[in-house]
Amino acid sequence: MTNTIISNSIRFVVLILLQVLLLNNINFLGYVNPYLYILFLILYPFNSPQSLFLILAFLLGLSLDTFEDSGGIHAAACVFIAYIRPIILRFSFGISYDYQTVKLTNTPYGARISYILIVVILHHFVLFTLEMFSFTHIFLILKKTFFTSIFTILMILISLTLFQPRRK
Amino acid sequence: MQQIFNFLIRNKNNILFLLLLALSLFLTIQSHSFHKSKFISSANFITGGIYKKANSIQSYFHLEDYNARLLEENNELRNRLSNVPDTLFRETFIDSTVYEGIYEFRTATVINNNYSKVDNYITLDKGRKDNILPEYGVVTSQGIVGIIDNVSTNYARVISILNTDSKINVQLKKTNHFGSLVWNGKDPNVVQLIDVPRLAPLKKGDTIITGGKSLIFPKGIPVGNIIDFHLDENGSYYTIDIQLFNDMTNIGHVYVIVNKDKAEIRSLEETDND
């Protein structure tokens, strides 16, 4: 139990620092930055209380917003993802996730990809909609969501493969 | 009463979600209204400190570039010094032996710079301790950068000209037609000049400078070149695309402009309004 708390706290801090100091400066093609920090929301234990998860997601987003001076857009997107994550989990992994403590690393490959895909795309869509703050730029929002999502998903899959716990 | 508590406990996640979402939306909306985004700002103790640490490492990679820029600036200033016009023409200048100029420049270093978003901000490593206050202008040797909007003890946040909330008074160098400098959020090196009347004679390549109608920037600071222009729908005002002289993606060191007469002018304007 304490092990999970420590590893999640470290992940929280490391992901924020990695995001603001390194990944926010990539600016691939002028505007594409991968938002790897939502890996925290993806990996957070599935069986922990939902209210704590909501608060942590809010804090994660708010820290990003403070660094980026972006008001509350990351906070809103993160809280939204935290709220609907049970629905996404049920959609991707079926009913089974409710009963047993499923870990992301030992789920079927297809289900895992669909889970990551939905989380990333929804998060980015909410994020960029709030950033533009107007639906007149819907085309720009969709374009940004599309390209940034590809980049983020690639980064997430790579980091998941790199930091996979060793099978015994 | 029991039922209310039961209801609250049963729906605690939904209520918490709505509460947090409302809070973040409130912060988002607040950041879109100029001069109100006070709470969540990178110019605070923690974020400023982290950015400063990171910048102390990153700055080494740009040393060569910054040196080249300094040389260029020194070169230009030296040229100006050695070609000071005849004293007959100098009467229009402010006599610097009697008055110290209205504007004072202070140096600062950019420790965080965004340009990929729609509303971009820059963080500087000087703050209230160094007498830097909101509404001071920020420029480089090549052109304008933005206006300070939020200051903590050691750090300051600048609204970049690459921000949809930014609106700066600028004018044509040749004639005195003025307009407002805005940004459409697309290319970080191209900004837009709006509200220039149709009568203004425009040519591609014309220089745009600051207008000096605000108390923030002195007149004559270079902004950029005209690369394209067209009339708006009504046909009475131009929208002009301007290529910035500044490379907004790589700023480095900046000057903060202090207008020493600002308080006096403000108080004069206020008595006028009564």
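Two strands pair if DSSP finds at least two bridges between them. By that rule, strand 9 (residues 207-210) and strand 10 (residues 222-231) of chain B pair in the antiparallel sense, over three bridges. B:Ile209 has B:Pro222 in strand 10 of chain B as its bridge partner. The model is predicted.

**Chain B overall**

- Chain B holds five helices and twelve strands.
- Chain B has 274 residues, and 31% of them are buried.
- Among contacts in chain B with a separation of 6 or more, 58% join residues 24 or more positions apart.

**The barrel in chain B**

- Six strands of chain B close into a barrel. Their order is 6-7-8-11-10-9, and the pairing is antiparallel.
- On average, neighbouring strands of this sheet are turned by 40 degrees against each other, direction ignored.
- Strand 7 (residues 178-182) and strand 8 (residues 190-197) of chain B form an antiparallel pair with three bridges. Within strand 8 of chain B, B:Leu193 is the bridge partner of B:Leu181.
- Strand 8 of chain B also pairs with strand 11 (residues 237-244) of chain B, in the antiparallel sense and over six bridges. Here B:Val191 stands opposite B:Ile242, which belongs to strand 11 of chain B.
- Strands of a sheet pair through backbone hydrogen bonds, in either a parallel or an antiparallel sense.

**Positive phi in a chain B loop**

- B:Asn131 lies in the loop between strand 2 (119-124) and strand 3 (137-139) of chain B. Its phi is positive, about 60 degrees, although B:Asn131 is not a glycine.
- B:Asn131 has 13 other C-beta atoms within 10 Å, so it is partly exposed.
- B:Glu135 sits in the loop between strand 2 and strand 3 of chain B. Phi of B:Glu135 is near 75 degrees, a positive value in a residue other than glycine.
- B:Glu135 counts as partly exposed because it has 14 C-beta neighbours inside 10 Å.

**Where chain A meets chain B**

- The contact takes 28 residues from chain A and 26 residues from chain B.
- On the chain B side, the elements giving two or more residues are helix 2 (12-32) and helix 3 (45-58) of chain B.
- Helix 2 of chain B gives the largest share of that side, 14 residues.
- By class, the chain B side divides into eleven nonpolar, twelve polar and three charged residues.
- Helix 3 (residues 50-68) of chain A packs with helix 2 of chain B at an angle of about 10 degrees, with the axes 9 Å apart. Angles under 35 degrees count as roughly parallel, so helix 3 of chain A is roughly parallel to helix 2 of chain B.
- Helix 3 of chain A makes this contact through A:Gln50, A:Ser51, A:Leu54, A:Phe58 and A:Gly61. From helix 2 of chain B come B:Lys12, B:Asn13, B:Leu16, B:Phe17, B:Leu20 and B:Ser24.
- The contact of these two helices has five nonpolar, five polar and one charged residues.

**Helix packing in chain A**

- The axes of helix 4 (residues 73-93) and helix 6 (residues 109-132) of chain A come within 9 Å and cross at roughly 155 degrees. Angles over 145 degrees count as roughly antiparallel, and helix 4 and helix 6 of chain A are therefore roughly antiparallel to each other.
- Helix 4 of chain A passes helix 6 of chain A in a right-handed crossing.
- Residues of helix 4 of chain A in this contact include A:Ile73, A:Phe80, A:Ile81, A:Ile88 and A:Phe93. Those of helix 6 of chain A include A:Tyr115, A:Ile118, A:Leu122, A:His123 and A:Glu131.
- The contact of helix 4 with helix 6 of chain A has 16 nonpolar, four polar and one charged residues.

**A:Ile138 in chain A**

- A:Ile138 belongs to helix 7 (residues 138-162) of chain A.
- Is A:Ile138 buried or exposed? A:Ile138 counts as exposed, because it has 11 C-beta neighbours inside 10 Å.
- A:Ile138 and A:Phe128 are ten residues apart in sequence. Their C-alpha atoms are 9.5 Å apart in space.

Technical notes. Residues numbered from 1 in each chain as written. Chains lettered and ligands numbered in written order. Predicted model: local features only at pLDDT ≥ 70, side-chain atom pairs only at ≥ 80, totals over all residues. Axes fitted to C-alpha atoms, helices over the stretch in contact; angles between N-to-C directions. Helix = DSSP H or I, 4+ residues; strand = E, 2+ residues; numbered from the N terminus. Parallel < 35°, antiparallel > 145°, perpendicular 65-115°, else oblique. Left-handed = near helix turned anticlockwise from the far one by under 90°. Contact = placed C-beta atoms within 7 Å. Nonpolar A, V, L, I, M, F, W, Y, C, P; charged D, E, K, R; others polar. Buried ≥ 20, exposed ≤ 12 C-beta atoms within 10 Å, placed from the backbone.
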